[in-house]
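Work through the exercises below with the sequence and the 3D structure at hand. Try each task before reading its solution.

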2 protein chains.
Amino acid sequence: MKTKNSVFIATSIDGYISDKNGKIDWLNTIPNPSNDDMGYNEFMIGIDALVMGRKTFETVCSFDVDWPYEKPVFVLSNSLQEVEEELKDKVFLIHGSLKEVLHQIRKKGFKNLYIDGGATIQSFLKEDLIDEFVITTIPILLGGGTSLFSELPKKMEYELVNTKQYLNAISQNRFRRKRIN
Amino acid sequence: MKTKNSVFIATSIDGYISDKNGKIDWLNTIPNPSNDDMGYNEFMIGIDALVMGRKTFETVCSFDVDWPYEKPVFVLSNSLQEVEEELKDKVFLIHGSLKEVLHQIRKKGFKNLYIDGGATIQSFLKEDLIDEFVITTIPILLGGGTSLFSELPKKMEYELVNTKQYLNAISQNRFRRKRIN
């Protein structure tokens, strides 16, 4: 079964996903009157399910909007016991090692996963489990905050699949992990 | 007098300019049989002089090649007393605060400067003195090393001038500092 773990995320030029105050309002630095989704919907079409950590899940819940995901969301958590009633057919708590978690999710038939949230992405990366990155670079230096990347045990080569430009202001690279088969 | 301080540099996807062992051999991860210069010569045409720190200068000197720069190179150093005879018309030692240094260099008529070396770039950035970045992204995660960017006292907005692709494998963004005149 061909599987893929993908990341779709925006960072500042200096690689931060949130600023020194934990804010992400700088993501809207570039005016976007036409609400260009910068490839998000197209990316989501190729996704079977999402995997995120508890913190990202709670952040999404804190937004004053309806639940934003049509695809099933697996939330990695050792502490959460259950999700609220209205999310019960959309959100699934899961725990264990990443390899166990992936095994469980894939056994249910979900092949292409969107891995989201800084801490979750970093733990997947530490085990070399990220096959694809779509990184949208917002043209700003934040000078501090939460970095997308952290220390890794080894170098990992990727290949550039494509480079796109949005709103004449934002560049986006798609990288695919180069694996020797 | 219109002046510009530019950076032309390559980083890994995770923003490192040298790896955990201080090496830069990963820059050659992508085969480059035609010796594509990825815009370097074109960039250099627009440059009047270079500014680098002592460490970068000594690194360049350690390479087993002829002196690689045609343009004057200003080396920031409080400790070096003089440069070797054959570099005397090419390399100029300079010290003082960055603003003083820039004043001295510009008084000599050099307007467009190439700011090079990790530490030097970071000190210029801390004083918001970088007007342009050309960042070439090598599709590799190094997982540690020397970062191009460090903590900054404030956010700085740039604008994307263009995005280029080289060797069908490497993307390059040119950013220009957005200043309110």
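Predicted model: local features only at pLDDT ≥ 70, side-chain atom pairs only at ≥ 80, totals over all residues.

Residues are numbered from 1 along each chain as its sequence is written, chains are lettered from A and ligands numbered from 1 in the order in which they are written, and side-chain values use heavy atoms, without hydrogens and water.

**Exercise 1. The two copies**

Task: find the rotation and shift that superpose chain B on chain A.

Solution. Two copies of a chain are related by a rotation about an axis and a shift along it. The superposition is by least squares on the C-alpha atoms of residues with pLDDT of at least 70 in both copies. For chain B on chain A, the rotation is 180 degrees and the shift along the axis is 0.0 Å, with an RMSD of 0.0 Å. The two copies are therefore related as by a two-fold rotation axis. Now locate that axis from chain B: the C-alpha nearest to it belongs to G15(B), at 3.5 Å.

**Exercise 2. The interface**

Task: describe the contact between chain B and chain A by residues, area and polar pairs.

Solution. Count residues first. Contact means heavy atoms within 4.5 Å. Chain B brings 38 residues and chain A brings 38 residues. Of the interface residues of chain B, 100% are also interface residues in chain A, so the copies meet through the same surface.

Next, take the area. Buried area is the accessible area (1.4 Å probe) that two parts lose on being put together, summed over both. Here it is about 2,900 Å², and carbon and sulfur atoms give 59% of it. L141(B), K155(B) and L160(B) supply 22% of the area that chain B buries against chain A, more than any other three residues.

Then look for charged pairs. A salt bridge is a side-chain nitrogen of Lys or Arg within 4 Å of a carboxyl oxygen of Asp or Glu. Two of them cross the interface. One joins D19(B) to K155(A), at 2.7 Å from N to O.

Last, ask which strands take part. Strands are DSSP runs (E, at least two residues), numbered from the N terminus. On the side of chain B that touches chain A, β7 (132-138), β8 (140-141), β10 (156-166) and β11 (170-177) each supply at least two residues. β10(B) gives the most, with seven residues.

**Exercise 3. Sheets across the chains**

Solution. Two strands pair if DSSP finds at least two bridges between them.

β10(A) and β11(A) run antiparallel and share eight bridges. Q165(A) has S171(A) as its bridge partner in β11(A).

Now turn to the other open sheet of nine strands: β8(A)-β10(B)-β11(B)-β7(B)-β1(B)-β6(B)-β3(B)-β4(B)-β5(B). Its edge strands are β8 of chain A and β5 (91-94) of chain B. β8(A) and β10(B) pair in the antiparallel sense over two bridges, and L141(A) has M156(B) as its bridge partner. β4 (73-76) of chain B and β5(B) run parallel, joined by four bridges. There, L76(B) stands opposite I94(B).

**Exercise 4. A tie within chain A**

Solution. The whole structure holds 28 salt bridges over all chains. In this one, the side chains of E132(A) and K4(A) meet at 3.4 Å, N to O. E132(A) lies in β7 (132-138) and K4(A) in β1 (4-12) of chain A, so the pair ties together parts that are 128 residues apart in sequence.

Definitions and conventions: Polar contact = N/O pair within 3.5 Å; in protein donor to acceptor, adjacent residues only side chain to side chain.
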